[in-house]
Amino acid sequence: MKSAKFDHQRAASLDDALKALGNADGEARIMGGGQSLGPMMNLRLAQPDLLIDISRVGGLDGIEVSGDVIRVGARVTHARVEDGEVPGVTGAYMQTVASGISYRSVRNRGTIGGSVAHADPSADWPSALLALGGDVVIAGQDGERRMPLDDFQVGPFATGLGFEEILTGFELPALSDSAKCGYYKVNRKPGEFADAIGAVVIGVSPRVVCGATEAAPFRVSVAEEKLAAGATEISVADARDMIAVHEPGFDDYDLQIHAVALSRAVGRAFA
Amino acid sequence: MADGGTTEGKGIGARVLRKEDWRHLAGKAKFTGDFQRPGQKEMAFVRSEVAHARIVSVTKPAGFESSVFTAKDMPDMQPMRAPSKMPGYKGADYPALAIGKVRFVGEPVAVCIADTRAEAEDLAQATLVEFGELPAVVDMLAAKAGDAPLIHEDWGDNLVMETFADDDFGKIADRATVVVKREYRMARHAMNPMEGRAVFAEWDDRTDQLMMWTSTQVPHLIRTGLAQFLGLEQRQVRVIAPDVGGGFGCKALLQPEEVIAGWLTRHLEVPVRWIEDRREHLVTGANCREHHYFVTIHATPEGRILGLDCDVTIDAGAYSVYPFTNGLEGAMAHGNLPGPYDIEVYRCRTQTMTTNKPPLMPYRGVARPGVCYAMEMTIDALARDIGVEAHDIRTMSMVKQEQLPFMSIAKKHFDSGDYAKSVEMVVDMIGLDKIRSEQISANGEGRLVGVGMGSFVEQTAHGTSVFASWGVAMVPGYEQATVRLTPDGGLELRIGVQSHGQGMETSMAQMAYEVLGIDPSQVTVTHGDTGLTPYSTGTYASRSMVMAGGATARACRVLAERMEIIAAHLLQCERAEVTVRGGKIVSGKGEVSFAEIGRVWYLNPDELPDDVDQGGIEVTMGYRPEPDSGAFTYASHACKVAVDIDTGEVEVLDYAIVEDCGTMVNPMIVEGQTYGGATQGIGTALLEESTYDSFGNPGASTFADYMMPGATDAPHYRIDHMESPSPFTEYGIKGMGEGGTIPTPAAIGNAINDALKTIGAEVTETPFTPRRVRAAIAAANKNRQGDAA
């Protein structure tokens, strides 16, 4: 279980990393904390020709509030989120999510940007951030652009990120004190990847996400409408119907645990 | 006569902290992977990617032909062969590298060597194997079909072995009016020691020896096997097991990789090393526990079990392993199914089937977790059927204390204990009455609580008579230990068994203390080296403390006598006036230190008496219990679980253990071993499963897909002990290293089914995953709707 040969380049700056990405022959991959890409390379499931290591690039690890937006840098680790560095109601929600990711030594190195860019459907951040809403900040050869989280992940391990682009951070809504959040993960053991995720954020309008599927996490529109109309709970049976509309391919068990996750996430939001 | 010295309490029964732990805690232990030599080569394997195929061709990477080896390049390497005299047994030679055909995914086809492991893996990746695929036999029941593909064509079928015992159920028909039938499955899984397998080999021209450091439980057997299959004399092989990070059985067998490493270093004249990675372990080490049962219990209306009728199928995988074969599992299942119960009629057929999966190996508990699960789950089903508490069935049906020693219906010679008392104690510990009242009040709140238990009796340290009856390649005999007093009065103790987590460097030193009164800190226990220790079949069958401990006691007693002769002379008194006590030789006239004895024997022999034993102060003694049919440990485990009926998730809320392993040498180690075993049992019960698709492709090749029990899955075990010494062994010790694993799947399964009884659902297949629990609930709901309609 050793990686195939690859070139390694430690970028000193974002420009440096973008340049390396632009000049690369063959497959180039960005590595932040390396907690997902590292094992995949060791299993030879990923065999990039060039690894561009951004672990020392400055300016990607900030957490700032400006008005009703919280900017979170791509290199912010799960551990920093777990430790409460993201402020407010948004931060409290993210803290809950971060503390359930794998175990502490992984959280010490793994990054929020890496997780979203990697886009493993079973990972926490793709679902949890989709429920928050906001934008992904992307740097490319021609400068910076923003893409709504709603559009970012298009499938398992597939995103709207271009080959020569780097995810640099997120602009997330700073939720008001009256906002309600709930997150529920069904998994086999504490710290394991999710078998089902329910994520609920009721800010300006309710956002309900069903995650850990074979595809990208998705918003459950009927559930959102029901919450917008004042519901404070969604039964498992109702959740099954709501999810089945979006994901007809689930077998009975998968449908059940995704429905439970959604129902319990709503329950936690109103707890 | 030595009477040791227990004034400081470091002998039998003392909770002495483990001598070996400091180096592990400090990261200073030395494992096989820590060995490095200049010029060494790393090995990586090209492994079969298909379950069943002819090898059409192997194309080595251009320019690296001399770094890649197939079986054709190693004509003098013999396939591993494990004979058995069991009637009808069909053994399959296990080629270290596949010859002509592959029979499971992960089977080694070629070995590549390079300066680094990564480069060796590059070569493996670039080596192209063309397979002519054959239909695979993946399921053990499907393997029985008349038209099933043949894994070993010359057999004519896929049956490795069958055992059969019939009986007349007419004898009990008028009394046994209640009949309960069930079907169970236990999933295949992997043993997953913390340290995987590992081997480092080099040829030593000075001694003309193959030197092999390997992560094994049985260094002497590895030597015997290596010599046999590499065409060497046994004196030309020295095997050393340095620190070994767990074994659980998969390291009690000769591994293909060991044979290959031996061949490579001998022929290439470079040191070679192979460190198993976790993916290799999960794919090629998916080798244990896979059983299928049809069980029928015949009982009186009150629940007294009178008859047992079983059909057992065992999935043995593709080959037979050296030296234990893949036939022991069936023999053990047959002999242990009736457990501690006194039944009148026993019919049992076991069929061991070959399949396109890795070769079955004996995992901690060997067959007994499966049979205990099948038996104990059926007992609880009986209890639910007739509306009594399952523990009443157990206590009513178990062999009684006053019947011991007792020959069980399956010809196990139980020695000592009070099985029913362990049941009563554990029922009390888990608080059955309180849980029953909670169950009523908690009804309908989404999580159902259940309580369940499992009991077993376990043959340990079984010896010559038992293994000879199985007719396998090695039969254990008199276990030996060597003790040697050093010139400064310290003690060297050499044992042929191997300690890989059991704390034997401590417990064996405690045994020396028990006889000689020498502080354990002054005893160096050497094990795991064929060059330094007496021949031993090694560590398995929960035998080491009984066997090597017994031998140690005997060697220490002879050493004491020899020291007393010298001391009597030095004190100018009669032999009868001196005795070894508290690490000295004492008499009314004074005392002599062990250091003084050492000085006189080694450095000032002019002071020795004429009648000194010329064997000196180094003694090797052998020991075998009489009879050697085994010392029978037993235990009852009980647990309380909560089942989330919406998700099917199971949480173990409480876990109580009452165990009796006879005289405990170190109760702290007993408890640690028991907790570790029970945690592995939780893995079997709830988490661990090596899945396969219909083509025989493994579905769990990393820890992302294979769930191991960890700290978050282990409850706070509560334990109580009984101590019924075995009348047959030194100090009444019984083996206990494996027992913790045995009743856990039964206890947890019974607790789940107790929780689900109001729904009418039962789980019958391990691991009891959320998906399986939900399926059981769904099936019960469907049944109820069917009934209503």
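Chain B has 17 helices and 30 strands. Its radius of gyration is 28 Å, close to the 28 Å that the globule rule gives for 789 residues, so chain B is as compact as a globular protein of that length. This is a predicted model.

**The two chains**

Chain A has eleven helices and 14 strands. A compact globule of 271 residues would have a radius of gyration near 18 Å, and chain A agrees with 18 Å. The table sets out some values for each chain.

| Chain | Residues | Buried | C-alpha extent along the principal axes |
|---|---|---|---|
| Chain A | 271 residues | 48% | roughly 55 × 45 × 35 Å |
| Chain B | 789 residues | 58% | about 100 × 70 × 50 Å |

Sequence separation gives another view of each chain. Take the contacts with a separation of 6 or more. In chain A, 62% of them link residues 24 or more positions apart. In chain B, the share for residues 24 or more positions apart is 80%.

**Where the chains meet**

At the interface, 20 residues of chain B are in contact with 18 residues of chain A. Three helices of chain B each supply at least two residues of the side that touches chain A: α2 (117-126), α5 (278-284) and α17 (770-788). Helix α2(B) gives the most to that side, with five residues.

**Nonpolar cores**

The largest nonpolar core has 238 residues. The residues with the most contacts inside this core are B:Cys112, B:Val259, B:Leu493, B:Ala512, B:Ile597, B:Ile748 and B:Ile752. Helix α13 (residues 544-571) of chain B brings the largest share of this core, 14 residues.

A second core of 78 residues is separate. Its members include A:Ile30, A:Ala98, A:Ala123 and A:Tyr253.

Leaving out residues up to four places away in sequence, B:Cys112 touches B:Ala44, B:Val46, B:Ser67, B:Val68, B:Ala120, B:Leu123, B:Ala124 and B:Thr127.

**Helices packed on α16 of chain B**

One partner of α16 (residues 744-755) of chain B is α7 (residues 368-386) of chain B. The two helices pack at an angle of about 30°, and their axes are 8 Å apart. Angles under 35 degrees count as roughly parallel, so α7(B) and α16(B) are roughly parallel to each other. Helix α7(B) passes α16(B) in a right-handed crossing. On the α7(B) side, the contact is made by B:Pro369, B:Cys372, B:Tyr373, B:Glu376, B:Met377 and B:Asp380. On the α16(B) side, B:Pro745, B:Ala746, B:Gly749, B:Asn750 and B:Asn753 take part.

Helix α15 (residues 667-687) of chain B also packs against α16(B). Here the angle is about 50°, with the axes 8 Å apart. That makes α15(B) oblique to α16(B). The crossing of α15(B) past α16(B) is right-handed. Residues B:Ala678, B:Gly681, B:Ile682, B:Thr684, B:Ala685 and B:Leu686 in α15(B) meet B:Thr744, B:Pro745, B:Ile748 and B:Gly749 in α16(B).

**Backbone details**

Chain B holds a cis peptide bond between B:Leu404 and B:Pro405, with omega about -5°. B:Pro405 sits in the loop between α8 (390-397) and β18 (406-407) of chain B. A cis peptide bond also joins B:Thr766 and B:Pro767, with omega about -15°. B:Pro767 lies in the loop between α16 and α17 of chain B. Helix α17 is one of the helices of chain B that supply residues to the side touching chain A.

In A:Arg44, phi is near 60°. This residue is in the loop between α2 (37-42) and β3 (50-53) of chain A. A:Arg44 has 15 C-beta neighbours inside 10 Å, so it counts as partly exposed.

In B:Asn192, phi is near 55°. B:Asn192 belongs to the loop between β9 (189-190) and β10 (198-204) of chain B. There are 21 other C-beta atoms within 10 Å of B:Asn192, so this residue is buried.

Technical notes:
Residues numbered from 1 in each chain as written. Chains lettered and ligands numbered in written order. Predicted model: local features only at pLDDT ≥ 70, side-chain atom pairs only at ≥ 80, totals over all residues. Core = buried A, V, L, I, M, F, W, Y, C linked by C-beta atoms within 7 Å. Buried ≥ 20, exposed ≤ 12 C-beta atoms within 10 Å, placed from the backbone. Helix = DSSP H or I, 4+ residues; strand = E, 2+ residues; numbered from the N terminus. Contact = placed C-beta atoms within 7 Å. Rg over C-alpha atoms; globule rule 2.2 N^0.38 Å. Axes fitted to C-alpha atoms, helices over the stretch in contact; angles between N-to-C directions. Parallel < 35°, antiparallel > 145°, perpendicular 65-115°, else oblique. Left-handed = near helix turned anticlockwise from the far one by under 90°.
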